[in-house]
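I opened this notebook to record what I looked up in one protein structure.

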Amino acid sequence: MMKLVSVNVGLPKRIDINGQSVNTGIYKTSVTTPVLANKLGLDGDGQADLTVHGGEHQALYSYPVEHYPYWAKMLGRKSFDYGMFGENLTVVGLLEDEVYIGDILQIGEVGIGPTVQITMPRIPCFKFGHKIGQPNILDTFLRSGRSGFYQRVLTAGKVQAGDAVTITQRDPQQVTVRVALGLQKLQEGDADLLQRALQIESLSPLLRSVYQQRLSVSGL
């Protein structure tokens with residue numbers, strides 16, 4: 001069953017990383033009351049660096065709870081609080097190798113919960129490494145394929161832990177989040193796969209630019 005396990009929000013704050021003051025919105029806290037999801041994200045939530053986070057195509061970040069035990073074991077931890085990976089929505093039943101870029105999801109009841117669309121994988125940054133106390137983990141996190149994914153909000157609505165999630169429309173190109181990650185950052189895939197990904201009608205400008213550049217530079 002696909003559903004929300006936790007809804008997590010947090011406003012940007014300044015922290016010290018290697019003697020430098022850095023603004024970050026990666027610290028999220030689980031909330032139990034309904035929260036409005038709109039075009040630019042959740043009420044009470046925010047991103048620090050809008051050049052790489054936030055905006056219409058990165059309004060919400062979801063992370064599968066199925067990955068929590070994997071990272072707990074790797075990091076020698078018993079457990080994590082929800083929102084540990086900076087996600088707005090901790091989800092179950094929506095794994096990166098099963099959902100497609102462009103899939104449309106209904107969260108909660110129609111007319112109450114939002115309609116959202118999967119847009120791209122999440123690429124980790126140094127702030128994430130600092131938060132979990134492993135600054136050298138970024139490449140490991142990336143190559144694990146356990147990236148989670150961003151969504152844009154098509155119709156606004158309220159979300160709450162326990163809400164069911166339904167895939168109402170599947171993208172015909174069938175490019176999974178995991179495949180999109182490989183094409184974007186891991187030099188995976190061939191010209192045919194890149195061309196298929198570029199046929200995704202709702203493909204974000206960022207991914208379109210990256211995929212087009214790979215095609216032109218590599219001569220695939």
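Among contacts between residues at least 6 apart in sequence, what percentage join residues at least 24 apart? I found 72% for this protein. I note that the model is a predicted one.

**Entry 1. Overall form**

I counted six helices and 13 strands in the protein. The radius of gyration is 17 Å, close to the 17 Å that the globule rule gives for 220 residues, so I recorded the protein as being as compact as a globular protein of that length. Along the principal axes, I found that the C-alpha atoms fill a box of roughly 45 × 45 × 30 Å.

**Entry 2. Surface and charge**

I recorded an accessible surface of about 10,400 Å². Carbon and sulfur atoms contribute 50% of that surface. Of the 220 residues, 50% are buried. I then looked up the charges: there are 21 positive and 20 negative ones, and their mean positions lie 6 Å apart.

**Entry 3. The nonpolar core**

I next asked which residues of the largest nonpolar core touch the most other members. They are Leu4, Leu42, Phe80, Phe85, Leu89, Val159 and Tyr211, in a core of 53 residues. As general background, I note that nonpolar side chains tend to be buried together in soluble globular proteins.

I took Leu42 from that list for a closer look. Leaving out residues up to four places away in sequence, I found that Leu42 touches Val7, Asn8, Val9, Val35, Leu36, Ala37, Leu60, Asn88 and Val159. Val159 is itself one of the core residues listed above.

I looked up two glutamines with positive phi. Gln174 has a phi near 55° and sits in the loop between strand S13 (165-169) and helix H4 (177-185).

Gln187 has a positive phi of about 55° and lies in the loop between H4 and helix H5 (191-197). With a relative accessibility of 57%, Gln187 counts as exposed.

**Entry 4. Gly145**

Is Gly145 buried or exposed? I found a relative accessibility of 7%, so Gly145 counts as buried. I located Gly145 in the loop between helix H3 (138-144) and strand S11 (149-155). Beyond its neighbours within four places in sequence, Gly145 is in contact with Glu96, Arg178 and Leu181. I also looked up the separation of Gly145 and Val177: they are 32 residues apart in sequence, and their C-alpha atoms are 8.9 Å apart in space.

Terms used. Residues numbered from 1 in each chain as written. Predicted model: local features only at pLDDT ≥ 70, side-chain atom pairs only at ≥ 80, totals over all residues. Heavy atoms only, no water. Helix = DSSP H or I, 4+ residues; strand = E, 2+ residues; numbered from the N terminus. Rg over C-alpha atoms; globule rule 2.2 N^0.38 Å. Buried < 20%, exposed > 50% of the residue type's maximum accessible area, 1.4 Å probe, protein only. Contact = heavy atoms within 4.5 Å. Areas by Shrake-Rupley, 256 points an atom, 1.4 Å probe, with all protein chains shown as cover. Lys, Arg positive; Asp, Glu negative; His and termini not counted. Charge placed at Lys NZ, Arg CZ, Asp CG, Glu CD. Core = buried A, V, L, I, M, F, W, Y, C linked by side-chain atoms within 4.5 Å.
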